[in-house]
Amino acid sequence: MKNKLIFVVVLIVAGAAGFGLQRMVINHDNQNLVAEMPAAVDVIGKSRPEFTLQDIEGKMRNINEWDGKVILVNFWATWCPPCKKEIPDFMALQDQYGEKGFQIIGVAIDDEESVKDFADTLGMNYPIMAAELAAMDIARSYGNRIGALPFSTFVDRSGTIKHTKAGELSKVEAEKIIQSML
């Protein structure tokens, strides 16, 4: 059952990514040009959507728990190489800025067992929820129109979405955003 679910998720993500890429390619004067990935303009400046999920420790967590903090909601999966690559940097950023009012929340589009094993191995220092397909719906509500992974959304202290990023987020890029919001 687990393998079938993973296959379905991979199929959905691959299809969404292909559809998104096709939509980004435009024909201009008979020349194929690749447009930049569309920004989630429709969510920028809006209140972040509310969600409640169970974390990998079995505790129900609501996004409201972190009201008043600068939040990075990161959608990822254990089978996603760029997702796994950015996590050590996120852990360092959580250590560096956590006491200043910054909080990372990881929402995995993956099964709980795989996520728990991965998080335990790395010693992840921020809340992690494994929501499988439900996480895709939450990611869409946070501006992920094409089903990209990883996908990150920055929320300011008042709960307003200020920045989104489809694809891998570098530590330098994340730090600039965090510093501008703290």
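**Salt bridges and their surroundings**

Author: Happy to! Let's start with Asp55 and Arg61, whose side chains meet in a salt bridge with N and O 3.0 Å apart. A salt bridge here is a side-chain nitrogen of Lys or Arg within 4 Å of a carboxyl oxygen of Asp or Glu. Before going on, please note that this is a predicted model, in which local features need pLDDT of at least 70 and side-chain atom pairs count only at pLDDT 80 or more, while totals for chains, interfaces and linings use all residues. Residues are numbered from 1 along each chain as its sequence is written, and side-chain values use heavy atoms, with hydrogens and water left out.

Both Asp55 and Arg61 are buried. Buried means under 20% relative accessible area, exposed means over 50%, and partly exposed lies in between (1.4 Å probe, protein chains only). The pair also belongs to a network of salt bridges that links Asp55, Arg61 and Glu65. By the rule above, the count comes to 10 salt bridges.

Another of them joins Lys85 and Glu168, with 3.4 Å between the closest N and O atoms. This pair links distant parts of the chain, 83 residues apart: Lys85 sits in helix H2 (residues 81–97), and Glu168 in the loop between strand E9 (161–166) and helix H5 (171–181). Helices (H or I, at least four residues) and strands (E, at least two) are DSSP runs, numbered from the N terminus. Lys85 is exposed, at 57% relative accessible area, whereas Glu168 is partly exposed at 32%.

A further salt bridge, between Asp120 and Lys116, has its closest N and O atoms 3.6 Å apart. These two residues are separated by about one helical turn, because they are four residues apart in helix H3 (residues 112–122). Asp120 is partly exposed, with a relative accessible area of 47%, and Lys116 is partly exposed too, at 27%.

Ser114 is also placed in helix H3. With a relative accessible area of 19%, Ser114 is buried. Its side chain is joined to that of Asp111 by a polar contact of 2.8 Å. A polar contact is a pair of N or O atoms within 3.5 Å; within protein, one must be able to donate a hydrogen and the other to accept it, and residues adjacent in sequence count only if both atoms are side-chain atoms.

The buried residues of H5 are Ala174, Glu175, Ile177, Ile178 and Met181. Seen down the axis of H5, they fall within an arc of 165 degrees, so they line one face of the helix. The arc is that of the directions from the helix axis to the C-beta atoms. On the face turned away from this buried side, H5 carries the exposed residues Val172, Lys176 and Ser180. The buried residues of H5 pack against strand E5 (70–76), H2, strand E6 (102–108), strand E8 (151–155) and E9, where contact means heavy atoms within 4.5 Å.

Finally, let's turn to the sheet. An open sheet of five strands runs in the order E7-E6-E5-E8-E9, with mixed pairing. Its edge strands are strand E7 (128–130) and E9, each pairing on one side only. Two strands pair if DSSP finds at least two bridges between them. E8 and E9 pair in the antiparallel sense over five bridges, and Phe154 stands opposite His163 in E9.
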